[in-house]
Amino acid sequence: QVQLVESGGGLVQAGGSLRLSCAASGGTFSHYAMGWFRQAPGKERRFVAGIRWSGEKTYYADSVKGRFTISRDNAKNTAYLQMNSLKPEDTAVYYCAADYYGSGNGIYHNWGQGTQVTVSS
């Protein structure tokens, strides 16, 4: 079973950018769809972005389309979430997830511990 560790969170001003990383170990990374989810205080965890295991298809929540980009580097066993034009409403704990041979927008079964992103106005 793949293990996931997120990094790259922090405090940023509105309009700024952050890049989150998700390092995977314990599995064949290229066989996993990778996704990013977020959970704001008092709210449910919600899908942000996903990339198919084969890498040719990506999916985004409407709220982040055009601002966030998901990518993967199979040589580094790492997935990324580039976040631009950040807004205060993007503030949340961001979780990385993996799904074996997943489509990218399906159900994820492996989760990281999360990294906090705070966007100040």
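Strands β7 and β8 (residues 78-83) run antiparallel and are joined by 6 bridges. Strands are DSSP runs of E, at least two residues long, numbered from the N terminus. Two strands pair if DSSP finds at least two bridges between them. D73 has T78 in β8 as its bridge partner.

This is a predicted model, in which local features need pLDDT of at least 70, side-chain atom pairs count only at pLDDT 80 or more, and totals for chains, interfaces and linings use all residues. Residues are numbered from 1 along each chain as its sequence is written, and side-chain values use heavy atoms, with hydrogens and water left out.

An open sheet is formed by 4 strands in the order β1-β3-β8-β7, with antiparallel pairing. Its edge strands, β1 (3-7) and β7 (68-73), each pair on one side only.

Aromatic pairs were also counted. Rings of Phe, Tyr and Trp (its six-membered ring) pair if their centres lie within 6.5 Å; planes under 30 degrees apart count as stacked, over 60 as edge-to-face and the rest as tilted. The count comes to 6 aromatic pairs. One of them joins F37 and Y108 edge-to-face, at 5.4 Å centre to centre and 80° between the planes. F37 lies in strand β4, and Y108 in the loop between β9 (92-100) and β10 (110-111), 71 residues apart. Buried means under 20% relative accessible area, exposed over 50%, partly exposed in between (1.4 Å probe, protein chains only). F37 counts as buried because its relative accessibility is 11%. Y108 is buried, at 7%. Ring pairs also link Y32, W53, Y100 and Y101 into a cluster.
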